[in-house]
Amino acid sequence: MAKHTSGSRGGNGGADGAEAKEEVKMEKSEAEAAFPPTFNVSEIKNKQRRHSMFVKYKQEKSKLKIQLKKKKKKERKALGDKAPPKEVPKTIENQRVYDETTVDPEDEEIAFDEGTDEFSAYFNGLTNPKVLITTSDRPRGRTVKFCEQLATVIPDAHVYYRRGLALKRIIPQCLARNFTYLMVINEDRKMPNGLVLCHLPDGPTAHFKISNVRLRKEMKRRGKDPTEHFPEVILNNFTTRLGHSIGRQFAALFPQDPQFVGRQVATFHNQRDFVFFRFHRYIFKNEKKVGIQELGPRFTLKLRSLQKGTFDSKFGEYEWVLKVSSFEKSCNDATT
């Protein structure tokens, strides 16, 4: 009788366990059905759990991405020459609207303009550039150091302090001393914020905004100070009519016979209407590998205006002026 009762109890216990498991399954299915389909990890209030869930989500996403890459690679290998072409990734540059002012460097009209513009004498070897670098009144230490480092990048550049003279009075003195360029570094709140580049004697004059200035001491893993060798000049993406003239103005700052022994390169890279300046030294490690050391300084320019002739703030004729939106105007008014 005891065995019979214990067995019946065991049988009832097994049935109860099965019923309990079914109830748990039903609750889970109901919970899954009630779980919102548009659930976001950011809705988890516990910080540690939210972070762990986010890490798991990223890991799963990367795994799926790797699997898809491997699958596509196998398919391309199996198809061989019949494989479809690779998809071009979408970037800001290739999604931009085509600029109608883009010019072909081999165009006859462009070649004629290059042969007759203000900078043709530099590229023909008839004139050597000589640059005067000055500042706004009472410059601070950072602006002075920036000018001194610029003078080591540009050959035959000389730094003179302004001493309260107006630019219209400085230009005749530059012409009397055979300077071909006048470069003025303006500052605001002890930081360089503007650059006026005036070609002498007949212009043009370009006004830039300077940002992201980094001096040599602020750069990590920089090389030794630059030597006096003439650097090579690289101009990237100056493809429009305006960009072409600005690029030639930058190139005319440097002698057109670079000394390759120094292995120094000055790069002006135009991207999304910003000009990024870098100064490097390249090193040949072996026949195939080349190393690069940044020497500094580095900075970013944005063109504000291009004026015909030398600097004239009142009666100057402007070829191009940056259109400032109402939002930028309000921000500038708030900062001044």
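I take strands as DSSP E runs of at least two residues and helices as H or I runs of at least four, numbered from the N terminus. I call two strands paired if DSSP finds at least two bridges between them.

I note that this is a predicted model, where local features need pLDDT of at least 70, side-chain atom pairs count only at pLDDT 80 or more, and totals for chains, interfaces and linings use all residues. Residues are numbered from 1 along each chain as its sequence is written, and side-chain values use heavy atoms, without hydrogens and water.

**Entry: strand β3**

I looked up β3, residues 181-188. I found strand β1 (residues 131-135) running parallel to β3, joined by five bridges. I133 has M183 of β3 as its bridge partner.

I then followed β3 into strand β4 (residues 191-199), where the pairing is antiparallel over eight bridges. D188 faces M191 in β4. Two residues lie between the strands of this hairpin, and R189 has a positive phi near 55 degrees.

**Entry: largest pocket**

I searched a 1 Å grid over the protein atoms alone; a pocket is an open set of points where a 1.4 Å probe fits, with protein on both sides within 12 Å along at least five of seven lines. The largest one has a volume of about 790 Å³, taken as the space filled by probe spheres set on the points, which are joined across faces, edges and corners.

I counted 27 lining residues, each with an atom within 4 Å of a point. R96, D99, T240, N270 and D273 lie nearest the centre. Elements giving two or more residues are α7 (241-251), β7 (264-271) and β10 (298-307). α7 gives the most, with four.

Note on methods:
Buried < 20%, exposed > 50% of the residue type's maximum accessible area, 1.4 Å probe, protein only.
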